[in-house]
4 protein chains.
Amino acid sequence: MITVREKVRFVETDMMGVVHHSNYFRWFEMGRVEYLRQAGILLTEMMERGILFPITEVSCKYHSSAKFDDYILIETKMIDYSRVKMVFSYEVRREADGILLATGQTTNLFTTNGKITRLPAEYYSKLEKFTVK
Amino acid sequence: MITVREKVRFVETDMMGVVHHSNYFRWFEMGRVEYLRQAGILLTEMMERGILFPITEVSCKYHSSAKFDDYILIETKMIDYSRVKMVFSYEVRREADGILLATGQTTNLFTTNGKITRLPAEYYSKLEKFTVK
Amino acid sequence: MITVREKVRFVETDMMGVVHHSNYFRWFEMGRVEYLRQAGILLTEMMERGILFPITEVSCKYHSSAKFDDYILIETKMIDYSRVKMVFSYEVRREADGILLATGQTTNLFTTNGKITRLPAEYYSKLEKFTVK
Amino acid sequence: MITVREKVRFVETDMMGVVHHSNYFRWFEMGRVEYLRQAGILLTEMMERGILFPITEVSCKYHSSAKFDDYILIETKMIDYSRVKMVFSYEVRREADGILLATGQTTNLFTTNGKITRLPAEYYSKLEKFTVK
């Protein structure tokens with residue numbers, strides 16, 4: 001599990017006074033990017049090789065509202081993966097009190113030129129090694 | 001069913017060249033707001049009465065990528081509702097070719113001062129009338 | 001002058017209850033994109049030719065607050081241009097009462113591979129013809 | 001001067017492959033919020049007292065493009081202030097090479113119920129003390 005710490009931005013709030021629900025997917029993304037980086041997979045390097053990994057499915061349950069100025073912890077796990085996809089799960093907590101704010105899940109496919117592709121073995125083995133840990 | 005037409009904004013794209021997946025929830029919201037308006041329920045009026053309707057659960061499946069400058073159609077249905085919640089489903093299509101881009105679902109609760117509340121009868125009957133149609 | 005009509009989205013508000021100031025630049029962009037389209041210049045076509053037009057300078061004065069659900073009119077003029085840059089000015093008004101919400105200005109340069117380039121004559125003449133009108 | 005360190009998010013990029021220009025104002029805001037916090041002025045506390053501080057004017061010059069995954073440093077100074085307004089200036093640099101990405105300026109007014117108000121003396125003296133330093 002990888003934990004990323006972020007601070008809630010003013011612009012992330014809406015007129016109901018709490019963080020707009022769409023922003024949690026942007027936080028999940030920061031967890032996912034960091035997970036992959038620590039596994040040795042850089043998005044920019046992948047993109048230079050022509051491999052994209054579009055999101056095909058997401059979900060989120062909201063338990064409590066994140067508020068402006070909260071520090072949040074984004075806990076990210078890879079719960080399933082293969083040569084063609086990655087499934088991540090997330091928990092977002094308020095740092096101050098540990099309260100669970102949201103849980104979510106996302107699925108990425110690997111694609112080249114818009115078609116599903118298999119992740120090159122060198123990257124796949126990195127994912128494997130990192131995720132077994 | 002309510003249909004809202006929107007145009008994809010440049011800022012909604014990301015460096016993969018397509019619309020960032022989080023933005024679909026912002027489009028769903030436009031469909032939901034319009035559905036409620038046509039039913040006779042204005043968010044600002046509700047908020048003035050102290051009734052909020054936070055999102056508690058969302059999901060989305062992405063079928064094809066929306067691109068910059070596409071006109072999109074956001075088709076919104078209320079598929080379940082009660083005095084304490086509303087469940088909406090969405091289909092987003094590219095107008096030019098009718099291709100399905102994404103399908104999604106969201107759940108709102110009604111709350112007052114952070115606690116679940118029952119939607120006042122006058123609003124509930126508006127929802128009923130509009131949704132039966 | 002080109003006028004684009006938009007509706008204020010819920011997500012564009014912040015916890016002060018009005019539209020976050022950064023969003024006006026996203027509206028200006030919609031005006032600019034439409035201006036260029038009507039002039040016959042499509043961003044995607046330019047990008048395919050390797051011509052980008054990064055923003056180098058922007059400013060905005062805020063006169064009154066846009067609110068959720070307002071219809072706004074984005075009035076866009078090209079006030080200066082050459083083979084290497086375009087300067088646009090904007091006025092954003094609330095449609096309901098005509099109140100001026102914001103005025104702004106932006107400058108784009110034309111670049112290829114990160115270096116300033118001259119706009120190809122065919123595009124430049126389109127800009128000229130459209131702007132004289 | 002206050003320095004805030006941020007990481008460029010994937011969602012902040014656009015299809016030109018760099019950070020969308022509107023996002024710099026969101027970064028400036030993070031610098032401004034942190035400046036005020038260190039001075040002892042919390043936005044939420046002010047809002048509870050009915051004091052808002054809408055932005056009335058902003059500008060930004062873009063010198064070089066921030067890219068996905070860059071760490072950036074947002075350097076914030078208060079360059080002018082009175083009982084009714086605050087003027088901040090900003091420099092955003094890429095941490096890795098110190099390159100200046102953007103410079104900007106923003107002006108806030110203090111308001112209560114939509115009218116210009118004078119900042120209460122207790123807050124004003126905090127601003128003074130912190131800014132003299």
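Analyst: What follows walks through the sheet strand by strand, then turns to the contacts between chains and to one chain as a whole.

This is a predicted model. The sheet is open and has 10 strands. Its order is β1(C)-β3(C)-β4(C)-β5(C)-β2(C)-β2(D)-β5(D)-β4(D)-β3(D)-β1(D). The pairing is antiparallel. Two strands sit at the edges: β1 (2–7) of chain C and β1 (2–7) of chain D. Each of these edge strands pairs on one side only. Neighbouring strands are turned against each other by 20 degrees on average, with direction ignored.

Six bridges join β1(C) to β3(C), the strand of residues 71–81. The two run antiparallel. Here T3(C) has E75(C) as its bridge partner in β3(C). Now follow E75(C) across to the next strand. E75(C) stands opposite E91(C) in β4(C). Nine bridges join β3(C) to β4(C), which covers residues 85–94. These strands are antiparallel too. Together β3(C) and β4(C) form a hairpin, with three residues between them.

Next comes the place where the chains meet within the sheet. β2 of chain C and β2 of chain D each span residues 55–62. Five bridges join the two strands, which run antiparallel. V58(C) stands opposite C60(D). C60(C) stands opposite V58(D).

How many residues of chain D are in contact with chain C? There are 16, and they meet 16 residues of chain C. On the chain D side, α1 (23–39) and β2 are the elements that give two or more residues. β2(D) gives the most, with eight residues. By type, this side of chain D divides into eight nonpolar, five polar and three charged residues.

Chain C also touches chain B. In that contact, 10 residues of chain B meet 10 residues of chain C. The largest share of the chain B side comes from helix α1 (residues 23–39), with four residues. The chain B side holds five nonpolar residues, one polar residue and four charged residues.

Now step back to a single chain, chain A. Chain A has three helices and seven strands. Along the sequence they follow the pattern β-α-α-β-β-β-β-β-β-α. The radius of gyration of chain A is 16 Å, close to the 14 Å that the globule rule gives for 133 residues, so chain A is as compact as a globular protein of that length. Its C-alpha trace spans about 45 × 30 × 20 Å along the principal axes. Buried residues make up 38% of the 133 residues in chain A. Among contacts in chain A between residues at least 6 apart in sequence, 68% join residues at least 24 apart.

Last, the core. The largest nonpolar core has 135 residues. Which of them touch the most other members? They are V92(A), V92(B), V92(C) and V92(D). Take V92(A) as the example. Leaving out residues up to four places away in sequence, V92(A) touches Y24(A), W27(A), I72(A), I74(A), L101(A) and A102(A).

To recap the part you asked about: the sheet is open, with 10 strands in antiparallel pairing. Chains C and D join in that sheet through five bridges between β2(C) and β2(D).

Definitions and conventions
Residues are numbered from 1 along each chain as its sequence is written. Chains are lettered from A and ligands numbered from 1 in the order in which they are written. This is a predicted model: local features need pLDDT of at least 70, side-chain atom pairs count only at pLDDT 80 or more; totals for chains, interfaces and linings use all residues. Two residues are in contact if their C-beta atoms, placed from the backbone, lie within 7 Å. Ala, Val, Leu, Ile, Met, Phe, Trp, Tyr, Cys and Pro count as nonpolar, Asp, Glu, Lys and Arg as charged, and the others, Gly among them, as polar. A nonpolar core is a set of buried Ala, Val, Leu, Ile, Met, Phe, Trp, Tyr and Cys residues joined through C-beta atoms within 7 Å. A residue is buried if 20 or more other C-beta atoms lie within 10 Å of its own, exposed if 12 or fewer, and partly exposed in between; C-beta atoms are placed from the backbone. Two strands pair if DSSP finds at least two bridges between them. Axes are lines fitted to C-alpha atoms, for helices over the stretch in contact, and angles run from 0 to 180 degrees between N-to-C directions. The radius of gyration is taken over C-alpha atoms; the globule rule is 2.2 Å times the number of residues to the power 0.38.
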